[in-house]
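Good morning, and thank you for joining this meeting. Please look at the sequence and the structure as they come up, and I shall then take you through them.

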Amino acid sequence: MPFFMYTRLWFPCIDSYAEVCTWKLEFTVNMYMTAVSVGDLVETVYTSDLRKKTYHYYMATPTAAPNIALAVGFVLCCVFLATTSQVPSTLYPSAFNL
């Protein structure tokens, strides 16, 4: 397995598929970036100078560390609006910032 796929290189954990637990994940990023991870986004907290923000996620389903995912970057959040079972051809930017 390539070295970048080991969860223990990203955060302290028991890096085994046999060990599962719930997760509370916190990621602090630049004001203009977005952090997306597994679980539910609980809240986003901004620093007093509004230069950074911290995303708080909670994964309630017991999950092994190798299954935790994280993406940080400049993300345009979109919501699919569809009235049929077909995939929509138009994206509408979300009214909220995740």
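Let me begin with terms: helices (H or I, at least four residues) and strands (E, at least two) are DSSP runs, numbered from the N terminus. Two strands pair if DSSP finds at least two bridges between them. The model before you is a predicted one, in which local features need pLDDT of at least 70, side-chain atom pairs count only at pLDDT 80 or more, and totals for chains, interfaces and linings use all residues. Residues are numbered from 1 along each chain as its sequence is written, and side-chain values use heavy atoms, with hydrogens and water left out.

Three strands make up an open sheet in the order β1-β4-β3, with antiparallel pairing. Strands β1 (20-30) and β3 are at the edges with a single partner strand each, so one side of each has no neighbour in the sheet. On average, neighbouring strands of this sheet are turned by 20 degrees against each other, direction ignored; the axes behind such angles are lines fitted to C-alpha atoms, for helices over the stretch in contact, and angles run from 0 to 180 degrees between N-to-C directions.

Now consider β3 and β4 together. Strand β3 covers residues 40-46 and strand β4 residues 52-64, and six bridges join them in the antiparallel sense. Which residues of β4 are the bridge partners of L41 and V45? For L41 the partner is Y57, and for V45 it is T54. The two strands form a hairpin with five residues between them, and L50 in the turn has a positive phi of about 60 degrees.

Next come the charged side chains. A salt bridge here is a side-chain nitrogen of Lys or Arg within 4 Å of a carboxyl oxygen of Asp or Glu. The count by this rule is one salt bridge. E26 forms a salt bridge with K24, and their closest N and O atoms are 3.4 Å apart.

Is K24 buried or exposed? With buried meaning under 20% relative accessible area, exposed over 50% and partly exposed in between (1.4 Å probe, protein chains only), K24 is exposed at 64%, while E26 is partly exposed at 44%.

Finally, I14 lies in the segment before β1. Its C-alpha atom is separated by 6.9 Å from that of A65, 51 residues apart along the chain.
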